[in-house]
Amino acid sequence: MPWKKVNIDEWAEELGVNINELRQKEQLIEKIVKYRKQFDLTQGQLAEMIGVSQPRIAQIENRTKIGKISFDVLFNILGVLGHDFKITTRKVRDLEYADA
């Protein structure tokens, strides 16, 4: 069966996750793959460093069940790879509400 091309909006809806969450996880996973390769680490070596199995690292890097991958796990992996992170917020729209 051929792979179906899905855009990120459809993917987020299919997974039942917020599209912004999906985008952020995608960016973090891209960094994890990039830094792992920069350090010339195999998935197995990285897995050993953080105390998980190699198949778990493969699932993360392949975005398998990305909706169930927590930010905590991704931040932990980045920390092991020597990278810090900062969480910021930004206003994206005005809050609208009706008087009760």
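Me: Is E26 buried or exposed?
Reply: This is a predicted model, in which local features need pLDDT of at least 70 and side-chain atom pairs count only at pLDDT 80 or more, while totals for chains, interfaces and linings use all residues. Residues are numbered from 1 along each chain as its sequence is written, and side-chain values use heavy atoms, without hydrogens and water. Because its relative accessible area is 16%, and buried means under 20%, with exposed over 50% and partly exposed in between (1.4 Å probe, protein chains only), E26 counts as buried.

Me: Which residues does E26 touch, not counting those up to four places away in sequence?
Reply: E26 lies in helix α2, which spans residues 19-38 (a DSSP run of H or I, at least four residues, numbered from the N terminus). Leaving out residues up to four places away in sequence, the contacts of E26 (heavy atoms within 4.5 Å) are with W11, R63 and I66.

Me: Within what arc do the buried residues of α5 fall, seen down its axis?
Reply: The buried residues of helix α5 are L74, F75, I77 and L78. They line one face of the helix, because, seen down the axis of α5 (by directions from the axis to the C-beta atoms), they fall within an arc of 160°.

Me: Which helices do the buried residues of α5 pack against?
Reply: Helix α5 covers residues 71-80, and L74 and F75 are among its buried residues. The partners against which the buried residues of α5 pack are α2, α3 (43-50) and α4 (54-61).

Note on methods: Helix = DSSP H or I, 4+ residues; strand = E, 2+ residues; numbered from the N terminus.
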